[in-house]
Number of protein chains: 2
Amino acid sequence: MDVKTVCLGILNFGDASGYEIKKALEEGPFAHIHAASYGSIYPALNALSAQGYAECRQMTQDKRPDKKIYSITDAGRRALQESLLVTPAPDSFRSDFLFILFFAELLPPDRLAELIDQRIAWYRENLERMEQCNLESPGHSFVHGMGQAIYRAAAEYLERNRDQVLENPTVDDSGKETTTALAG
Amino acid sequence: MDVKTVCLGILNFGDASGYEIKKALEEGPFAHIHAASYGSIYPALNALSAQGYAECRQMTQDKRPDKKIYSITDAGRRALQESLLVTPAPDSFRSDFLFILFFAELLPPDRLAELIDQRIAWYRENLERMEQCNLESPGHSFVHGMGQAIYRAAAEYLERNRDQVLENPTVDDSGKETTTALAG
DNA sequence: GGTTGCATGTAAATGGTTACATGATTGT
DNA sequence: ACAATCATGTAACCATTTACATGCAACC
């Protein structure tokens, strides 16, 4: 699912500019599903226009820079519908946080505590923002609810196990022999 | 957190070959934290050796291709510890599944059901595999437990809400005017 | 006077993945 | 006979990010 398809999907919800698409992807309804930078959004919108999947009208604004509002076309709607039918690629997930946590024993305990507390705060903030959010479609509600369920579980886990991992004394690994223990 | 650092981290757990590192990343203890392909792992291991962060010894095996077993060096351990102290980049997450679900109304109901059921099965399989898994360090247990908590929440959510989203009649969007509704 | 928000865009660099090349062994 | 597992590596390709370029308005 490339940025072009993502933009098309957002346009299917309503007309938008590149700037607004970015916002939808980071704070709006599509937050945490697929991030993208301006460097990929603007070229994607140009490509969509060139293919006839989107139309663009210029908007001169008062006391604001000009805007380019994109609308999805019938061809675009058809293309979107088609791309929704392909087998979805497996989720791609990368977490520096979890990677670092894996080596909890190698971290200064106060740093570990800071890391976990920041993460709890992040989940809580997002949960709050998500709760006061108007849902426009069944699909939106479903995905939104799933996100909340996951964040709630993550936050609760961190809160419950925070002290346990902090109490564990930091292992002094000098002279510790390394054994291959990667299976399972 | 690039593939080089990830390899270094895995080597800190124990000696391994490139092939074994890949396995650790997809089925082993590091599964679902950071994926990588051979095309990035092998060059990373070469770079690690060139920098003196890892050492390599050739292993001629019986009835198997030769192996190159890498070990982390003291310099490598120091480099790893340093990279664990930097502020972690925000998690990067991309889900075709959630993106598609967002447009549940545009999908054939049977396709929607198939998608959700496959996903539930995926979570359940992984949960089972994770339960019968030996944990080697406090960090490992912590991350592992968090992964389980999240997968359990996701699976339960899908099971609870599966029928609700399927019962919702598919909206016929012909002639529906599009309004900008991306905020919040 | 500095930062944030609005607004669009490009070029270079990055950091990967995919496909290819090779080949023995074991299981179906 | 065919697929899968083990095992390493390269080169071409790809999508996307980062940094740069520009500029006005509002707020503190």
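Ala, Val, Leu, Ile, Met, Phe, Trp, Tyr, Cys and Pro count here as nonpolar, Asp, Glu, Lys and Arg as charged, and the others, Gly among them, as polar. A residue is near a strand or molecule if one of its heavy atoms lies within 4 Å of it. The structure is a predicted model, in which local features need pLDDT of at least 70 and side-chain atom pairs count only at pLDDT 80 or more, while totals for chains, interfaces and linings use all residues. Residues are numbered from 1 along each chain as its sequence is written, chains are lettered from A and ligands numbered from 1 in the order in which they are written, and side-chain values use heavy atoms, with hydrogens and water left out.

The surface near DNA strand D divides into eight nonpolar, seven polar and eight charged residues. In total, 23 residues surround DNA strand D, and the closest are A:Ser37, B:Tyr19, B:Tyr42, B:Gln61 and B:Lys68. Sugar or phosphate holds 72% of the atoms of DNA strand D within 4 Å of the protein, and bases hold the rest. Polar contacts are pairs of N or O atoms within 3.5 Å; within protein, one atom must be able to donate a hydrogen and the other to accept it, and residues adjacent in sequence count only if both atoms are side-chain atoms. B:Asp66 takes part through a backbone N or O atom, 3.4 Å from a sugar or linking oxygen of DNA strand D. Two or more residues of this surface come from each of α3 (38-51) of chain A and α2 (18-26), α3 (38-50) and β2 (67-72) of chain B. Helices (H or I, at least four residues) and strands (E, at least two) are DSSP runs, numbered from the N terminus.

Around DNA strand C there are 21 residues, of which A:Tyr19, A:Tyr42, A:Gln61, A:Lys68 and B:Ser37 come nearest. Of the atoms of DNA strand C that come within 4 Å of the protein, 71% belong to sugar and phosphate. Phosphate oxygens of DNA strand C lie 2.7 Å from a polar side-chain atom of B:Ser37, 3.0 Å from one of A:Tyr19 and 3.1 Å from a side-chain N or O atom of A:Arg94. The largest share of the surface near DNA strand C, three residues, is given by α2(A). By class, this surface has six nonpolar, seven polar and eight charged residues.

Between the protein chains, 81 residues of chain B are in contact (heavy atoms within 4.5 Å) with 81 residues of chain A. The buried area, the accessible area (1.4 Å probe) that two parts lose on being put together, summed over both, is about 7700 Å² for this pair, with 67% from carbon and sulfur atoms. Two salt bridges are counted between chain B and chain A, a salt bridge being a side-chain nitrogen of Lys or Arg within 4 Å of a carboxyl oxygen of Asp or Glu. One of them joins B:Arg119 to A:Asp91, with the closest N and O atoms 2.9 Å apart. On the side of chain B that touches chain A, α7(B) gives the most, with 17 residues.
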